[in-house]
Amino acid sequence: MGFFAFLILGLIAGAIAKAILPGRQGGGLIITLILGVVGALLGGFIGGALFGVGINEFFSLSTWLLAIGGAIIVLLVYGMISKRSAR
């Protein structure tokens, strides 16, 4: 998958992950999109390590599930860190 396709995948996965997570997360749209790209990287790494499936094709269901799952993990960690530092 090309760089721009991966970037678009991460941006959309971050927006979907933010919509899936309950409650109000900190950070604006730009932070969410950046965390979505990081989450897509994380999801691809975890998928390759655990399941032998990576982020290879843009229109593959496994690619989208891994990217969204990774984005959810990254948003949860970011939420915990931002809440802790706000105290």
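**Close-up 1. W64 in the predicted model, a buried aromatic residue.** W64 has a relative accessibility of 18% and therefore counts as buried, since the cut-off for buried is under 20%.

**Close-up 2. The ring pair of F3 and F4.** Three aromatic pairs are present in the structure. In the pair of F3 and F4, the ring centres are 5.5 Å apart and the planes stand at 70°, so this pair is edge-to-face. Planes over 60 degrees apart are what the term edge-to-face requires. F3 is exposed, with 60% of relative accessible area, and F4 is exposed as well, with 61%.

**Close-up 3. F58, F59 and W64 as one aromatic cluster.** A single aromatic cluster is formed by F58, F59 and W64. Within it, the rings of F58 and W64 make an edge-to-face pair, because their centres lie 5.4 Å apart and their planes are at 75°. W64, at 18% relative accessibility, is the buried residue of the opening view.

**Close-up 4. I12 in helix α1.** I12 is located in helix α1, which covers residues 3-20. With a relative accessibility of 35%, I12 counts as partly exposed, because this class lies between the limits of 20% for buried and 50% for exposed.

Methods. Residues are numbered from 1 along each chain as its sequence is written. This is a predicted model: local features need pLDDT of at least 70, side-chain atom pairs count only at pLDDT 80 or more; totals for chains, interfaces and linings use all residues. Side-chain values use heavy atoms; hydrogens and water are left out. Helices (H or I, at least four residues) and strands (E, at least two) are DSSP runs, numbered from the N terminus. Buried means under 20% relative accessible area, exposed over 50%, partly exposed in between (1.4 Å probe, protein chains only). Rings of Phe, Tyr and Trp (its six-membered ring) pair if their centres lie within 6.5 Å; planes under 30 degrees apart count as stacked, over 60 as edge-to-face and the rest as tilted.
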